[in-house]
Amino acid sequence: MSEPDCWGIFREHAHSPGRESDDTLILRLTAKHLEAMGFQVSLKSPEEIGSPAEARPRAMFLMCERAPVLRLLEDWEASGVRQVNSPRAILNTYRERMIVQLHEANVPFIESHIVPATSPSPARTLPVWVKRADVHNTQDGDVVFAATREAIETALGALATRGIKRAVLQPHVDGDLIKFYGIGPGGGPDGEPPWFRWFYHKSQQIAGHPFDERGLARLVRRAATALGLEIYGGDAIATATGDLVLLDLNAWPSFALYRDEAATVIAAYLAIRFRGGR
């Protein structure tokens with residue numbers, strides 16, 4: 001029996017600021033490993049999806065993030081096209097949805113306030129980060145550090161001018177900024193993802209605050225499960241007191257520091273999913 005045909009969908013260039021090459025490379029390398037397993041793989045841009053003349057694939061692996069194409073792919077998923085990550089899970093990484101989902105799942109997350117971009121800021125403590133409430137950082141102004149109330153109002157006004165209706169205010173947390181990658185919903189005997197890596201974000205002075213590395217893995221796995229993510233990455237802060245503060249979770253990152261290793265693991269995971277497992 002032949003393997004199912006599948007499509008890989010690139011991320012929109014606007015959603016890969018400074019990471020266009022890295023995002024492209026991880027998708028291409030994953031496709032290469034799938035082809036070595038016998039899968040027929042076609043790589044496409046989001047703009048190429050939806051042609052009525054082209055038959056739908058049996059399976060897809062996605063890096064695209066814009067809502068219109070994800071809404072279309074939700075219909076495809078309902079018709080039986082297997083997709084990783086699922087369109088719904090990717091939409092759940094939009095900040096305002098993520099905040100609600102994690103709260104409902106009782107997953108610890110940084111204090112967050114969703115506010116209208118056109119209203120005065122309710123921030124009680126300073127400094128804060130002002131972030132657009134939907135997608136992640138796509139351009140200057142999407143994520144802004146604000147040390148004063150005037151700076152908050154300026155950042156909100158800039159978002160409103162661009163037609164962005166809501167923003168998220170989050171307090172600045174001192175500590176070591178950690179980035180992480182995960183593959184698979186997992187759980188396992190210790191509640192950790194099947195594959196998990198973390199590293200310190202560059203361009204910071206690392207204090208080396210001690211923290212529970214396995215506790216970080218378990219926290220990330222809980223958050224990914226709450227959003228429905230299978231391939232994911234994000235950011236957290238390790239504070240001077242040893243606390244871990246989850247800042248963000250996103251779908252299918254670049255895996256830049258672990259690209260070769262991650263692509264092999266992702267392809268093996270996709271093969272199981274696309275053959276009908278899990």
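User: Which exposed residues does the face of H5 turned away from its buried side carry?

Analyst: In this predicted model, that face of H5 carries Glu-150, Thr-154 and Thr-161.

User: What makes the buried residues of H5 lie on the same side?

Analyst: The buried residues of H5 are Ile-152, Ala-155, Leu-156 and Leu-159. They cover an arc of only 95° around the axis, and therefore they sit on the same side of H5. In general, an α-helix has 3.6 residues a turn, so residues three or four places apart point the same way. What covers these buried residues includes strand E5 (113-116), strand E6 (128-132), strand E7 (143-146) and strand E8 (166-171).

User: How do you know that the span of helix H5 agrees with its 13 residues?

Analyst: At 1.5 Å a residue, the 13 residues of H5 (residues 149-161) should span 18 Å, and because the end C-alpha atoms are 18 Å apart, the two values agree.

User: Why is Trp-252 called buried?

Analyst: Buried means under 20% relative accessible area, and Trp-252, at 0% relative accessibility, therefore counts as buried. Trp-252 lies in the loop between strand E12 (244-251) and helix H7 (259-274), and its phi is near 45°, a positive value in a residue other than glycine.

User: Why is Asn-106 called exposed?

Analyst: The cut-off for exposed is over 50%, and Asn-106 has 61% relative accessibility, so Asn-106 counts as exposed. Asn-106 is placed in the loop between helix H4 (95-104) and E5, and Asn-106, a residue other than glycine, likewise has a positive phi, near 60°.

Technical notes. Residues numbered from 1 in each chain as written. Predicted model: local features only at pLDDT ≥ 70, side-chain atom pairs only at ≥ 80, totals over all residues. Heavy atoms only, no water. Helix = DSSP H or I, 4+ residues; strand = E, 2+ residues; numbered from the N terminus. Expected span 1.5 Å × (residues − 1). Buried < 20%, exposed > 50% of the residue type's maximum accessible area, 1.4 Å probe, protein only. Arc of directions from axis to C-beta. Contact = heavy atoms within 4.5 Å.
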